[in-house]
Amino acid sequence: MLPMTQEDGDLDSLVRKRIRALRVAQGWSLEELASRAHLSQSSLSRIENGRRRLALDQLVTLARALGTTLDQLVETATEDVVTSPTIDGAHGRMRWTVKADPGMSVVRQRMTEPPPENPARMRAHPGREWLVVLSGTAILVLGHRRFRLETHQAAEFPTMMPHAIGADGGPCEILGIFDREARRGHQSDSGDVTRDAPG
């Protein structure tokens, strides 16, 4: 039998804590998860408390019962937890890439101008966007409809709908999250994002 390294011990402890945390997050008792995973309640209790060896087949079954995967259950990658944004000072914009899905971006933008009145300046493209107003008031134009978004209000919409966003009655700041298709649709030839949208 190979000796357990400190790293192995840390992973073992992490997996046990993760199983318990996921169970508690679901609002399940030991008995309920044990039933779903086809284990005895005492076996599950010993797994969570470190008094029973972690077996691969049991981890697979527990992961499935908890609605996750074995990879996610044993994942340990914590490098680069903190990231810094790329900054476009000219447009008052910051952008972060989501590491788990590099096609997804988070953008923070300060806006001072109202949305364009000219329908030709509205964009339409595949994808979805989600945004929340951090401060001030924003106007979101979707097709022929206008939505007034106050601070802390959010909106989510398919970007195939012609859309534009701007400030209302003074500067506003928004945080937008958009998928790969939405990001691509808002990129200009220079690779930057147009001023007509949060992304």
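Reader: Why is S45 called buried?

Author: The relative accessible area of S45 is 18%, and buried means under 20%, exposed over 50% and partly exposed in between, with a 1.4 Å probe and protein chains only. S45 is therefore buried. This is a predicted model, in which local features need pLDDT of at least 70 and side-chain atom pairs count only at pLDDT 80 or more, whereas totals for chains, interfaces and linings use all residues. Residues are numbered from 1 along each chain as its sequence is written, and side-chain values use heavy atoms, with hydrogens and water left out.

Reader: In which helix is S45 found, and which residues of α3 are buried?

Author: S45 belongs to helix α3, residues 41-48. Helices are DSSP runs of H or I with at least four residues, strands are runs of E with at least two, and both are numbered from the N terminus. The buried residues of α3 are S43, L44, S45, I47 and E48. After α3 comes G50, with a positive phi near 80°.

Reader: What does S45 touch, not counting residues up to four places away in sequence?

Author: S45 touches L30 and R51; a contact means heavy atoms within 4.5 Å.

Reader: What makes the pair R36 and E32 a salt bridge?

Author: A salt bridge is a side-chain nitrogen of Lys or Arg within 4 Å of a carboxyl oxygen of Asp or Glu. The N to O distance between the side chains of R36 and E32 is 3.3 Å, so the pair meets the definition. R36 and E32 are four residues apart in helix α2 (residues 30-36), so about one helical turn separates them. An α-helix has 3.6 residues a turn, so residues three or four places apart point the same way.

Reader: Are R36 and E32 buried or partly exposed?

Author: R36 has 44% relative accessibility and counts as partly exposed. E32, with a relative accessible area of 33%, is partly exposed as well.

Reader: How do you know that D88 and R93 form a salt bridge, and what makes R93 buried?

Author: The side chains of D88 and R93 meet at 3.1 Å, N to O, and the limit is within 4 Å. R93 has 3% relative accessibility, so R93 counts as buried. D88, at 15%, counts as buried too. The structure holds eight salt bridges.

Reader: Which residue forms a salt bridge with R108?

Author: R108 forms a salt bridge with E173, and their closest N and O atoms are 2.7 Å apart. This pair links distant parts of the chain, since R108 lies in strand β3 (residues 105-111) and E173 in strand β9 (residues 172-178), 65 residues apart. R108 has a relative accessible area of 33% and is therefore partly exposed. E173, at 21%, also counts as partly exposed. Elsewhere, salt bridges that share partners join R148, E150 and D168 into one network.

Reader: What is the order of the open sheet of six strands, and why do β1 and β7 stand at the edges?

Author: The order is β1-β2-β3-β9-β4-β7, with antiparallel pairing. β1 (86-88) and β7 (154-158) each have a single partner strand, so one side of each is left without a neighbour in the sheet.

Reader: Where is V132 placed, and why is V132 called buried?

Author: V132 is in strand β4, residues 128-135. Its relative accessible area is 14%, so V132 is buried. Not counting residues up to four places away in sequence, V132 touches H152, Q153, A154, E173, I174 and L175. The C-alpha atoms of V132 and L149 are separated by 8.3 Å, and these residues are 17 apart along the chain.

Reader: How many of the residues count as buried in the whole protein, and what is the mean pLDDT?

Author: Of the 199 residues, 36% count as buried. The protein has six helices and nine strands. pLDDT is the predictor's confidence in each residue, from 0 to 100; the mean is 82, and 83% of the residues reach 70 or more. Over residues 188-199, pLDDT stays under 50.

Terms used:
Two strands pair if DSSP finds at least two bridges between them.
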